[in-house]
Amino acid sequence: MNDNVISATGLIKSWRGRRVLDNVDIDLVRGRVTAVLGPSGTGKSTLLRVIAGLENVDSGQVRTADKLLTDGLVLIPPERRNIGLVFQDFALFPHLSAIDNVMFGLVEGSSTMRRELALRQLDSVQMVDKAEAYPHTLSGGEQQRVALARALAPGPDVVLMDEAFSGLDAKLRVELRNTALNALNESGAAVLVVTHDAEEAMFMADELALMVDGKIIQSGPPKDLYLAPQSLASARLLGEVNSWTGPVRDGKLHSPFGSVSIEKAEDNQSATLMVRPEGLILVDNPTGHLDIVETRFLGASIAITVCAVTGETWSSRMPIGSQFRKGMKVDASFTPHLTTTVRSDR
Amino acid sequence: MRLRLMTLMLAVFSLTACENKQSDGTGASGSDQMLVVFSSRHYDSDYALYDAFEKETGVDVRTIEADGDLLVERLKSDGARSPADVIITVDAGRLWRAEQEGLFAPLQSDILDDAIPAAMRHPDGLWYGLASRARVLVYATDRVEEDQLSGYESLADPVFKGRVCARSSGNIYNISLLAALIDRWGPEKAQDWASSVAANFARDPLGGDTDQIKAVAAGECDVALVNHYYFARLMNDEKDKDIVSSLAVFWPNAGEGVHVNVSGAGVAKNAPNPELAKRFIEFAVSEQPQRFFAELTNEYPAATAVKYDNSALAELGEFKADPISLLKLGENQAEAQRLFDRAGWP
Amino acid sequence: MKLSSRERWRGVSPAPIGIFAALLCTLPAIALIPMAIADGGSHIGHLIDTQLTSYALNSITIVVMTVIGTLLLGVPTAWLTTRYNFPGRGLLSVALPLPLAMPSYIAAYAWLSMTSNGGPFHDLTNGYMPTVSGVAGAAFVFSICLYPYVYLLSRQAFESRGVNSYEAARTLGSSPIKAFWKVSLPLARPAIMAGMALVVMETLADYGTVDFLGTPTFTVGILRAWISLGDPEAAARLALILLVTTLLVFGGERLSRRGQSVAENGGRSKPLQRVSLSSHTALFAILCCTIPVIFGLIAPVWYLAILALETAPVRSPVDALQGTLLVASLSALIAVAVGLGAAYADRTGGWFANVSVRVAHAGYAVPGAVAALGVIALLAAAQSLIDTVFGSVAPLIAGGGIIALLFAYQARFAAAAIGPCESALARIPFTMDRAARSLGASRWAVIRRIHVPLALGGIVTAALLVFVEVMKELPATMILRPLDFETLAVSAHHFASDERLTQAALPSLLLIMLGLPIMILVSWMMSRQQKESAFDE
């Protein structure tokens, strides 16, 4: 049994001499949200547009279980792929009202039936009362809801969301993510979310793929990726991380902030130690070898910057109530599951 | 604001640049005297006339050429400060209009009175004819017998139903002709004539007189109403003379005779140099310039005594000109246009 | 000191600039009003009884046919060249606007001559090709000469707007054709209408073409009332009727669009992905895009070139060339200043400034000869005013002269500059104005340091378009020009009106040759602008 609605394999595409897709494989599975996370300009949107059929590739395939969609020569046009696409700027049709936007993709049935369906869809995003409004009179969040309803109305097999929440403010973003996730789960479609926001990616995704320079460098459930990044790049994509690279000695990495053992590593081989700030635990010690150079109150925690004798600085998150202040001397320990070592294979 | 100022300065700058150029030009010709001619003629003969006058007198001739009515409007608005010395128009109707607007100053000149027949000049010497054109019939010799034609009446003959070509009624040559016919026949008969001619049209009026001649040559129609000088020009042209080889001109000599229209010149009422203007007009009716009109533009010189060399005009032979007072052409002009409009002659 | 001047600028409302532009563009038309209500005009009744209906009908028929023609030639070619890839696309997209360099009266001379008996097209098709004449012929000539307005503006719309909307429609199950009809076309409607407006106004204002092709229109009626019937009052009334009708039509169109804003959100546009066409469809596309260029430019130019080569010129065209360059470039400069000022007033001023700027557009619909008449009347009035004030030392401003000429050009063509300036400024978000003002820039500094550099493409386009228009202008030039001043359009007209097409060929050809590189530049500037605005990621 194979629940893959869309399988993309070996996608390669160059744009002005640069590889925007470099051998990308990705599967979209029914009822599951797949997120692609990467910095701006790494080819995430291109991947989405290729899957949508808006662009072709140089080589590689996009296919459903029984049909080839894209392979560099064949290009099934977007209107025959049964996909829904939500754009960063929503791309609502400015000359149509909200309800007409949602009805745009509905072709079957009488106009009353289509209207019913569109209203139901607007209802699921709490936009029924603005059904007759034109897009330019709607707020950003409202436009987003209409755009989502429009994409979901025809009952697509796949929903693609291109930076769909990045145009909204933080509070609205959280609220809409919930709305969207509910609506998407209800639809049972396979979902691909493209974003540069790590929190959004982890929140939305069942399966997360990290993309840098046209390559998917790691994929898996968000938690695995966060806790066990396979590279510094992966680790950084998902959040702030302290790192130190140096040679292995006696099966251990001796950073100025502390030592950890590393498996399967030979002496003098270079390796990188990565510790999430919340995994760097500080202990007040007047003879400690680290200096606190800065503290910042963040609400739920305090951000503390410590400086080692070598001059390198790391950051830590400590719960509020701890009495750390600038100028204090401290020692540090690492929380094991927030600490990773990676050998530099070269 | 500064932008507008800048452009204004630019405009003024270029204006002075223009004027510099003009004064340079005056300097180059080595004379302080300047004669300004407002003309609605723009023919080779006129340029030859200006050049000859400059050569003869050392006076710098400046011109403005524009269609007759625009010229009248401009002279009117320039009023007392008009730079014009001489006004030349191409049609008696326009001479009449300029006269009505009081744009001419009367001129006393025995030279002019001797050279130009009374019919070709204003009784009070407001203007003098320079050259004339005759309105004639052109027919295809293989399809029309000469004895089928008797005069302008023939165009209205039912025999020629669907066989007549003429240009549009807004054209001044047609208006002047009808103005003359109103005087000759009275308005009712003139109206009938215009209506019958319009009913005989082979096609809607289109293009200029030359186009009517070409249409007869091409067999689109059999008879056309044109000015003699377009026909003569084709006869004199190496490339075009084949067009007229199977055509002939019929002189509507019967009754009052052939309708002749005149180009004339007068001294502007507010002429800065009235003496020079008089000298120019006297020069224009002298032998050499009069020959220019015949030899370069195929017109009939107003100074009837002048002998010229033009094989086409010689071939066309003698004709009997309608002795109508040219003033009538102007007076009847509006009436003529109204008759045309009622006749449905487009 | 410096601060105070800044303060002063902050306090100044931009509305006067808009009003200035509006006055400049409408004064000649306004000058017609006292004329229209003066005594006289007795011939109106006669005209209504006889020809006026047929004039009006001819005008309407020609306008409708020309609208259809320019839409058919302009919109599909714009769509094909922006959204698809086929051999020759780049060349064709630059070549398609070029017929704008061809004055329609010259195209009319050439086409009538080519298709009438003895002409090359007539002989080539054994006389089956109908002669370009009458209502259909005029519509044909206007279509092939004026479609570039529609092409240029809709191309701009297709490139910059609705790319996302088009793709959204595709993902919602629309075929390319359906997405074009239901989304891209409605989104481009304001741009297409703007192009249409220019086409309609030029068609209505034309005299030379319709007169030559033997189809008297309303404008011919105006000139006949004035010239043949000697009734300028009647002419002024008819001109005002024409003007008001035109304004009503376009006002109505604008009104019908109220409530739906067609501005796309965000404004982020992606670099266009052109779809490659298969060989059959590519051939079709090439054909579609070549035909307008052949009809509008290549065929007439080729014919004129042959005529010009066969004929020795009787007068050197150098003076006329210089004259054309002088007035066209000066007018272009002034028009840009006016256009920018008006667009700026429209951007930052209140409703009054906005209305003024809308009114300024109307100048375009006034036939050239009528505008010239208005300018003359206006200058005469001004002259008598300053004469009474200053007496005999008063400077001579009435009648012709370069200032009167430039004024008449502005009255007619400043509107052509306001449009591009407006859309160039519209692309600059207001946040930039505010950012600049918050950094201490005066209103003027915002224009100079933010607007001008960012809108340069649009400004240059405006200047070039006005250059081309002025270069082609005929009636106002003829009557208002200074002594011994000649332009190519005037020379060409003189020869053509004397039915010496062979002599008219050389100045006509020079006119077109002068216009060609400018139109190429316009075309190039416009597509470069698009690329710039599409630059992201």
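How many helices and strands does chain B have? Chain B has 14 helices and 10 strands, where helices (H or I, at least four residues) and strands (E, at least two) are DSSP runs numbered from the N terminus.

This is a predicted model, in which local features need pLDDT of at least 70 and side-chain atom pairs count only at pLDDT 80 or more, while totals for chains, interfaces and linings use all residues. Residues are numbered from 1 along each chain as its sequence is written, and chains are lettered from A and ligands numbered from 1 in the order in which they are written.

**View 1. The overall build of chain B.**
With its 14 helices and 10 strands, chain B has a radius of gyration of 22 Å, close to the 20 Å that the globule rule gives for 346 residues, so it is as compact as a globular protein of that length. Here the radius of gyration is taken over C-alpha atoms, and the globule rule is 2.2 Å times the number of residues to the power 0.38. The C-alpha trace of chain B spans about 65 × 55 × 40 Å along its principal axes. Of its 346 residues, 55% count as buried. A residue is buried if 20 or more other C-beta atoms lie within 10 Å of its own, exposed if 12 or fewer, and partly exposed in between, with C-beta atoms placed from the backbone. Among the contacts in chain B with a separation of 6 or more, 77% are between residues 24 or more positions apart; two residues are in contact if their C-beta atoms, placed from the backbone, lie within 7 Å.

**View 2. The side of chain B that touches chain C.**
Here 52 residues of chain B are in contact with 50 residues of chain C. Helix H1 (2-29), strand E2 (60-65), helix H3 (68-78), helix H8 (209-217) and helix H14 (333-343) of chain B each supply at least two residues of this side. The largest share, 8 residues, comes from H1(B). By class, the residues of the side of chain B that touches chain C divide into 19 nonpolar, 14 polar and 19 charged. For these classes, Ala, Val, Leu, Ile, Met, Phe, Trp, Tyr, Cys and Pro count as nonpolar, Asp, Glu, Lys and Arg as charged, and the others, Gly among them, as polar.

**View 3. Helix H3 of chain B and the glycine after it.**
H3(B) is mostly covered, with 10 of its 11 residues buried. Among the buried residues of H3(B) are Leu70(B), Leu71(B), Val72(B) and Leu75(B), along with Asp69(B), Glu73(B) and Arg74(B). Gly79(B) follows H3(B), and its phi is positive, near 60°.

**View 4. Helices H6 and H14 of chain B.**
Two packed helices are described by the angle between their axes and the distance between the axes. Helix H6 (residues 172-185) of chain B packs on H14(B) at an angle of about 100°, with their axes 8 Å apart. Axes are lines fitted to C-alpha atoms, for helices over the stretch in contact, and angles run from 0 to 180 degrees between N-to-C directions. That angle makes H6(B) roughly perpendicular to H14(B). Angles under 35 degrees count as roughly parallel, over 145 as roughly antiparallel, 65 to 115 as roughly perpendicular and the rest as oblique. From H6(B), the contact is made by Ile175(B), Leu178(B), Ala179(B) and Ile182(B), and residues from H14(B) include Ala336(B), Leu339(B) and Phe340(B). The contact of H6(B) with H14(B) has 7 nonpolar, 2 polar and 1 charged residues.

**View 5. Helices H4 and H14 of chain C.**
Helix H4 (residues 52-83) and helix H14 (residues 279-310) of chain C pack at an angle of about 135°, with their axes 10 Å apart. That makes H4(C) oblique to H14(C). Leu73(C), Pro76(C), Thr77(C), Leu80(C) and Thr81(C) in H4(C) meet Ala285(C), Cys288(C), Cys289(C) and Pro292(C) in H14(C). The residues of this contact divide into 7 nonpolar, 2 polar and no charged.

**View 6. Ile76 of chain A.**
Ile76(A) sits in the loop between strand E5 (68-70) and strand E6 (83-86) of chain A. With 15 C-beta neighbours inside 10 Å, Ile76(A) counts as partly exposed. Not counting residues up to four places away in sequence, Ile76(A) touches Gly53(A), Leu69(A) and Arg81(A).
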